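Here is a short briefing on one protein model. Look over the sequence and structure first, then read on by topic.

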Amino acid sequence: MIDFAIHGKAAPRRDRNGFTLVELLVVMVIFLILVAIALPIVKGLISDQKATRTAQNIEAFMNAARSRAIAEGRTVGVRFERLSASNYARSACLRLRQLVGIPAYTGDAADAVAALAGTPVNTAEFDTSDSPLLYLSSQILHDTVTPSNDHLAPIQIGDLLELPGGRSVPITGIGAVSGTTVTISFNLAENVPVDTSTVNRFPLSAISSASGGNVKYRIHRSPMPSSSTVMSLPQGMAIDLNYSGIGIKGSQFAPAFSGGIRAVDILFNASGAVTQVIYDTANTRIYPTGLIYFCVGEIDGVANLNGASAAARDNLFSQDRALTTNLMNPDSLWVVVNPASGRVTTVPMANPGTIPADPTDPTTVAFADALGPARYFATLSDTVAE
């Protein structure tokens, strides 16, 4: 009986407090598979949100400049600065700067006047003693020793001359100083170049006058860059000027393969509309008749168009893993400006049209035809009469 009680007792129970090595390896494998699946999705969402936030910040910055133009009753603009003048940086913009309006110039003398002449009226003579700023501008613009300093002239070709009655016309020429006078030329019809055509905004060519006499004047100068109101894009983001321009198929802001490069200026007038766009070193002012498009994407997606030959340029439609251009990246966005109202909107990127035979040249008709479909959603968001 004693033996049975001792030997028949059940063995004590042992509780297991951990996992086996096999179980831990299975869990780790499952975890790694889930991470591999989720990581590209999360990365894409973050990238998309970054592009959206960047575009919204650009929109807000431009709206602030437009509101200031309306509040102050003068021209205020936004400058899209190119990263530099070399390599792909010619196509990238990483910083925006507000252009601050300057008071209209009416001469330094209280009785300063302009002597109008021409049939129809197309010139105005200014006394240099009454209008020294015009004298200085003429000297700079006609300096053959350092012609590259033309941009330093306080009054530029393209600035607006306001005549009696409130009519403002762009200055088309500033003559050399002759004795004590400087003559500027203008066109009352305001035939302003837009791409390869002209737009007659005010058909007044029938007006004629042997002499308009002496009249008061106001010269509306272009706004100057602000040193304080600046916006830098988030790290890794850029405005891709390869695909930016005016009109549904325009790529005017793409870097030129020869010639000078400058920033892109969008100028808002006192009513909030876009009064002028400047984008070349010739300081050409145009009145946009189509929507203005800026491509917002990643700095890594900006192609290099600095090469002198097609073989030295990047493919603007590349989808390679090493370089997926912003036009081919669905996360890219359009920031669209309606010049008639000054309204700024952010619109998704659509698929481009047929890829051109030469995907390195943004000046070809085939490139323009490919841009049109990519801006499809943008045309639906806001329109302006052509």
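Is aspartate 265 buried or exposed? Aspartate 265 is buried, with a relative accessible area of 4%. The model is a predicted one. The points below cover salt bridges, a cavity and a strand with its neighbours.

**Salt bridges**

- The count of salt bridges comes to 7.
- Aspartate 265 and arginine 79 form one of them, with an N to O distance of 2.8 Å.
- Aspartate 265 sits in strand β14 (residues 264-268) and arginine 79 in strand β1 (residues 76-82), so this pair ties together parts that are 186 residues apart in sequence.
- With a relative accessible area of 4%, under the 20% cut-off, aspartate 265 counts as buried.
- Arg79 and Asp265 also belong to a network of salt bridges that takes in Arg262.
- Lysine 249 and aspartate 369 meet through their side chains in another salt bridge, at 3.0 Å from N to O.
- Lysine 249 is in the loop between β13 (237-246) and β14, while aspartate 369 is in helix α4 (residues 365-374), so the pair links parts that are 120 residues apart in sequence.
- Arginine 68 is partly exposed at 28% relative accessible area, and glutamate 72 is partly exposed at 37%.

- How many cavities of 30 Å³ or more does a search of the whole structure find? The search finds 1.
- The largest cavity holds about 70 Å³ of space.
- Its lining includes Thr75, Leu267, Thr275, Gln276 and Arg285.
- Also in the lining are Gly158, Asp159 and Leu160, along with His220, Arg221, Ser222 and Pro223.
- By type, the lining residues divide into 3 nonpolar, 6 polar and 3 charged.
- Threonine 275, one of the lining residues, is placed in strand β15 (residues 274-278).
- Threonine 275 is buried, with a relative accessible area of 11%.
- Beyond its neighbours within four places in sequence, threonine 275 contacts Thr75, Leu267, Phe268, Asn269, Ile286 and Tyr287.
- Thr75 and Leu267 are among these contacts, and both also line the largest cavity.

- Strand β18 (residues 333-337) is mostly covered, with 5 of its 5 residues buried.
- Which residues of β18 point one way, and which the other? Leu333, Val335 and Val337 point one way, and Trp334 and Val336 the other.
- In a regular strand, side chains alternate between the two faces of the sheet.
- The residues on both sides of β18 are buried.
- β18 pairs with strand β17 (residues 292-298) in the antiparallel sense, over 5 bridges.
- Across that pairing, phenylalanine 294 stands opposite valine 335.
- β18 also pairs with strand β19 (residues 344-348), again antiparallel and over 5 bridges.
- There, valine 337 has valine 344 in β19 as its bridge partner.
- β18 and β19 make a hairpin with 6 residues between them.
- In the turn of this hairpin, glycine 342 has a positive phi of about 80°.

Definitions and conventions
Residues are numbered from 1 along each chain as its sequence is written. Side-chain values use heavy atoms; hydrogens and water are left out. A salt bridge is a side-chain nitrogen of Lys or Arg within 4 Å of a carboxyl oxygen of Asp or Glu. Buried means under 20% relative accessible area, exposed over 50%, partly exposed in between (1.4 Å probe, protein chains only). Helices (H or I, at least four residues) and strands (E, at least two) are DSSP runs, numbered from the N terminus. Contact means heavy atoms within 4.5 Å. On a 1 Å grid over the protein atoms alone, a cavity is a set of points where a 1.4 Å probe fits but cannot get out, and a pocket is an open set with protein on both sides within 12 Å along at least five of seven lines; lining residues have an atom within 4 Å of a point. Grid points are joined across faces, edges and corners, and a volume is the space filled by probe spheres set on the points. Ala, Val, Leu, Ile, Met, Phe, Trp, Tyr, Cys and Pro count as nonpolar, Asp, Glu, Lys and Arg as charged, and the others, Gly among them, as polar. Two strands pair if DSSP finds at least two bridges between them.
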